[in-house]
Amino acid sequence: MHLLRSLLLLALATVSAGKPSLFSDATPLELKLEAPLQEVFDRGADDEKFAGGGTLTYRDPATGSSVVLSGVEVSVRGHTSRRQNECPFPKLKVAFRKDTAAETSIFSDLHGFRIGTHCGDTPGEELTAQFGRLANEKSPLREASVYRLLDAMGVPTLQARAARITYVDTTGAEPHTVMRNAVLLEADDDARRRVGATGEISMDQFTTARDMLTTADTARLAFAEAMIGNFDWCLRYFPDDTYRCDAKQPLWNITAFKRPDGAVVPVIGDFDLAGMVVGRHSWFEKVYYDRFVPSGSSVDIEVLSQVQRTRALFDRAELDDMRRYFLSRRAAADDAVREGNLDPHGRELAAQHLEAFFADLTEDAFYRPVIAKAGTAVYLDAAKSREACQAGDEVPPGTPVNVVATSGEMAQVALLDVHWRWAPPRGCPAVRSGPVWVEKDAISADFPRQTGKNP
């Protein structure tokens, strides 16, 4: 079946699938969560299985009466956010006992849910020093908007809903209360059921995307992550793929659900470090040349980087189908951002990412010149007397270039390291600080070739 038609059918299936009651409404939900939170934070930092008993209360929008669910289990979740120096108020998970979520509650069809918290109370747009989080209550609302955007685009992701939570910490003799914005997220068990899966592919079982996933799913995933400016993910596409992955970790922030027919569905999540949320990444100048685009915008460069990386992963027909698929849903994307519960700067960031993304999908912008020849070396001069990086280093095919000047058989170019070839610890300051030299015949816009598969 034609890839674009397959994608549209998958998108329709995603939209038409029944959503749990909690996520069927985009209106922010007001909740009260009472639990020994400080004890959960302290013990959960080292023991992710520790859970404290608590009570969840919300107001039924239909009747206006309070619904109280007692006996819920509250625990911390996440990886880096569990560190106290990163998030004084880490991410949480709420689990229901079988007798907890009464049939009349909006949680009745759920095993539980996750909470994307405010992490901390840093001012303005200040980011945490270690991982670059926006540690205040703007973050969860921006992240909720990202989830809703992806859902509108037909991208398999977790269901989400913005919330306003009153946290009552019962650890001490006197309860301590704070009220903050949050994002409620679907639990894995409920997501698995929703997509019709019966199991999950573990890290040890997962090999490569080319072996285990469909082209439609993998391409859609790659383009979606580019759209939201997210780099906190990885998926091993082929055996020696090291782009943000390692030998022990072939996928990150992607859950691979397995259906009874053997099909594997990748569901993406965890966007608190996405560009649409944080606005900027502290590692940017260690990876990219900041003057590669005229605007000098980190948003433009980061979005362009991941869009262009797809040219080394898929053939031309697959890329063109994917471009058409996303371009056909531009109105849905704009609507999702406009209707999102966002602060002014958050809305501006979302719009900037979308503008950059859809501009990069046009024919001329997408098929810009790249290094198309394997084995291309990079030099500091046209005479090839000095290599720009490590001895014998080569530019990965599919690396975008802007030609600055030519001299004989050589071209002086600005490079955009979309493959993170020279990201730390490897490094190559020359490609991040200005133009370098390559052989002219290594450059082509016809990549991947129109008449054949990408090498």
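1. Let's start with a term you will need: a disulfide is a pair of cysteine sulfur atoms within 2.5 Å. Please keep in mind that this is a predicted model. Searching the whole structure turns up three disulfides. If you number the bonded cysteines along the chain in sequence order, they pair as 1-2, 3-4, 5-6.

2. Have a look at C87 and C119, which are joined by a disulfide with an S to S distance of 2.0 Å. Where do these two cysteines sit? C87 is in the loop between strand 3 (66-76) and strand 4 (92-95), while C119 is in the loop between strand 5 (112-116) and helix 3 (138-152), so the bond ties together parts that are 32 residues apart in sequence. The torsion about their S-S bond is about -95 degrees, so this disulfide is left-handed. C87 and C119 are both buried.

3. Now move along to C234 and C245, another disulfide, with S to S 2.4 Å. This pair links distant parts of the chain: C234 belongs to strand 9 (residues 234-235), and C245 to the loop between strand 9 and strand 10 (251-252), 11 residues apart. Is the link of C234 and C245 left-handed or right-handed? With 115 degrees about the S-S bond, the link is right-handed. Both cysteines, C234 and C245, are buried.

4. In the disulfide of C389 and C428, the sulfur atoms are 1.9 Å apart. C389 lies in the loop between strand 14 (376-377) and strand 15 (394-395), and C428 in the loop between strand 17 (410-415) and helix 13 (429-433), so this bond ties together parts that are 39 residues apart in sequence. The link of C389 and C428 is left-handed, with -75 degrees about the S-S bond. Again, C389 and C428 are both buried.

5. Next, the nonpolar cores. The largest one has 67 residues, and the members that touch the most others in it are L149, L150, I228, L235, Y237, F326 and F357. Which helix gives the largest share of this core? That is helix 6 (residues 215-228), with eight residues.

6. What does I228 contact, once neighbours within four places in sequence are set aside? The list is V146, L149, L150, F271, A274, G275, M276 and H353. Two of these partners, L149 and L150, are also named among the residues touching the most other core members.

Key:
Residues numbered from 1 in each chain as written. Predicted model: local features only at pLDDT ≥ 70, side-chain atom pairs only at ≥ 80, totals over all residues. Heavy atoms only, no water. Helix = DSSP H or I, 4+ residues; strand = E, 2+ residues; numbered from the N terminus. Buried < 20%, exposed > 50% of the residue type's maximum accessible area, 1.4 Å probe, protein only. Core = buried A, V, L, I, M, F, W, Y, C linked by side-chain atoms within 4.5 Å. Contact = heavy atoms within 4.5 Å.
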